[in-house]
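Here is a short tour of some helices and loops, written to be read with the viewer open.

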Amino acid sequence: MENCSWPGSSEMMQAYHDEEWCRPTRDDRYIFELLNLEGAQAGLSWSIVLAKRGSYLEAFRNFDIGYCSGLSDEDLESIKENYGVIKHMAKIKSVRSNAQAVLEIQKEFGSFADFLWSFVDGKPVINAWVDQSQMPAESPLSARVSKELKKRGFKFVGPVTTYSFLQAIGMVDDHVRTCAFHTVNRDI
């Protein structure tokens, strides 16, 4: 079997691919973490974001949604200055606005996961790409989810970022068909 090639030789990227990417999750805190990390990636490489993940977890208290929703402008400025996060202030502020939006969704739907998974009737989209080059950057699903997230006040959730996010939380399985980590090749 030939696994996905995108992790390259990076142990960090390989671990993310093997242990997290395209694995279905319904854990709101973890989903919130991945949403914000994907947003932080906009215009950058995923390896940069993964390398800073520990700093993000420390700065945002393990992406505690309640904590993040109450951060002041001063708190966010302090995070920018004192932690090894990406220094783009709009991306840092998006963690707060995204947390506030998640709290509203939780009130309405019971959980952020229930809201997101409703777009696919609770079942992941399982693609069967032969080659990584077949994988799209966005899809009609990511466009729909992106539009709804934006309408609800989320930031850094364009269709391309949202597609990566849907892969990250396992709503879309984009492992190449020959990858040992593709849904049909492993036990979930």
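**Helix H2 and its two ends**

At the start of H2, Asp27 places a side-chain oxygen within 2.9 Å of the backbone nitrogen of Arg29. This is a predicted model, in which local features need pLDDT of at least 70 and side-chain atom pairs count only at pLDDT 80 or more, while totals for chains, interfaces and linings use all residues. Residues are numbered from 1 along each chain as its sequence is written, and side-chain values use heavy atoms, with hydrogens and water left out. Helices here are DSSP runs (H or I, at least four residues), numbered from the N terminus.

- Helix H2 covers residues 28-41, and its end C-alpha atoms are 20 Å apart, which agrees with the 20 Å that its 14 residues should span at 1.5 Å a residue. The expected span is 1.5 Å times one less than the number of residues.
- Of the 14 residues of H2, 13 are buried, so H2 is largely enclosed by the rest of the structure. Buried means under 20% relative accessible area, exposed over 50%, and partly exposed in between (1.4 Å probe, protein chains only).
- Just after H2, Gly43 has a positive phi of about 85°.

**Helix pairs**

- Two packed helices are described by the angle between their axes and the distance between the axes. Axes are lines fitted to C-alpha atoms over the stretch in contact, and angles run from 0 to 180 degrees between N-to-C directions.
- H6 (residues 73-82) packs against H7 (residues 89-109) at an angle of about 130°, with the axes 10 Å apart. That makes H6 oblique to H7. Angles under 35 degrees count as roughly parallel, over 145 as roughly antiparallel, 65 to 115 as roughly perpendicular and the rest as oblique.
- On the H6 side, Asp73, Leu76, Glu77, Ile79 and Lys80 meet Met89, Ile92, Lys93 and Arg96 of H7; contact means heavy atoms within 4.5 Å.
- H9 (residues 140-151) and H10 (residues 159-168) pack at about 105°, with their axes 8 Å apart. That makes H9 roughly perpendicular to H10.
- Residues of H9 that meet H10 include Leu141, Val145 and Leu149, and their partners in H10 include Pro159, Tyr163 and Leu166.

- Most residues other than glycine have a negative phi.
- Arg61 has a positive phi of about 50° although it is not a glycine. Look for Arg61 in the loop between H4 (53-59) and H5 (65-69), where Arg61 is exposed at 53% relative accessible area.
- Phe156, also not a glycine, has a positive phi near 60°. Phe156 sits in the loop between H9 and H10 and is partly exposed, at 28% relative accessibility.

How values were computed: A polar contact is a pair of N or O atoms within 3.5 Å; within protein, one must be able to donate a hydrogen and the other to accept it, and residues adjacent in sequence count only if both atoms are side-chain atoms.
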